[in-house]
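Visitor: May I ask you a few things about this one?

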Amino acid sequence: MKLLFKRIGPVLIMSLFVSAIVLSCSDSNDDPIDSQIENSIDDDVNDDINGDEVNDGSSIVDEDEAALLFMLEEEKLARDTYKFLNEYWGIVQFGNIMQSEQSHMDAVETLLVAYDIEYEILEDGVFENEDLQTWYDTFVQDGIVDELAALTVGATIEDLDIVDLEEQIQATSNTDIADVFSSLQCGSRNHLRSFVQSIENLGETYTPQFLSQAEYETILEGSHEQCN
């Protein structure tokens, strides 16, 4: 039974949590993701019952564990920063996207639980990863300068998140992780569009710091995505 859970548990729980991930569209409203993985679940169950060898990309290696733990904290970086900036400025956009980032954390946490990986979520603004701690300290300091600076921090976080998620997606052969990270990346593209639109509404522009100019322009040229 434990082996069966290991094979189908991550996919099953992932489908429930990814469907609950909340994305912010360009006007800061939230839009749920629809995700259906029922066929994959059924196939896994049938294979286990029949005693067939399952090769569904569900194995996990040390690098996958490290990726999940890192992305949990990076999504926390976004959530904690937006929470701080929402409380400081009272901008609804930060409150909406903060809730989406919590859902992103929940999705990653679900995989950590399903794969029995030990983890700890520290208090707001505190991170085990030193680089993420430095980013948070910098973001909250920069974000209180003015509203434009705060929105630029938001765009920077999503810019960083898209690139980091892509790196992890390319590095893993685990389909559960790749699917969840792809959904989170889709959400980050929507968030980036939202922040950039708000920056442009103030008559300013955002210059990508992590995405290439071509990648950035492709994202902006796209419309709000329904992520799955």
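Guide: First, a convention: Ala, Val, Leu, Ile, Met, Phe, Trp, Tyr, Cys and Pro count as nonpolar, Asp, Glu, Lys and Arg as charged, and the others, including Gly, as polar. The model is predicted, so local features need pLDDT of at least 70 and side-chain atom pairs 80 or more, while totals for chains, interfaces and linings use all residues. Numbering starts from 1 along each chain, and side-chain values use heavy atoms, without hydrogens or water.

Visitor: What lines the largest pocket?

Guide: Ala66, Leu69, Phe70, Leu72, Glu73, Tyr119, Glu120, Glu128 and Asn129 do. A pocket is an open set of 1 Å grid points over the protein atoms alone, where a 1.4 Å probe fits, with protein on both sides within 12 Å along at least five of seven lines; lining residues have an atom within 4 Å of a point.

Visitor: And by class?

Guide: The lining has 5 nonpolar, 1 polar and 3 charged residues.

Visitor: New topic: how do α7 and α8 cross?

Guide: Helix α7 (residues 175-201) and helix α8 (residues 213-221) have axes that come within 9 Å and cross at roughly 85°. They are therefore roughly perpendicular (65 to 115 degrees). Helices are DSSP runs (H or I) of at least four residues, and axes are lines fitted to C-alpha atoms over the stretch in contact, with N-to-C angles from 0 to 180 degrees.

Visitor: Which residues meet there?

Guide: Arg189, Leu192, Arg193 and Val196 in α7 meet Tyr216, Ile219 and Leu220 in α8, where contact means heavy atoms within 4.5 Å. These residues are 5 nonpolar, no polar and 2 charged.

Visitor: What about α3 and α6?

Guide: The axes of α3 (residues 62-89) and α6 (residues 147-171) come within 11 Å and cross at roughly 170°. The two are therefore roughly antiparallel (over 145 degrees). Their contact has 12 nonpolar, 3 polar and 6 charged residues.

Terms used. Parallel < 35°, antiparallel > 145°, perpendicular 65-115°, else oblique.
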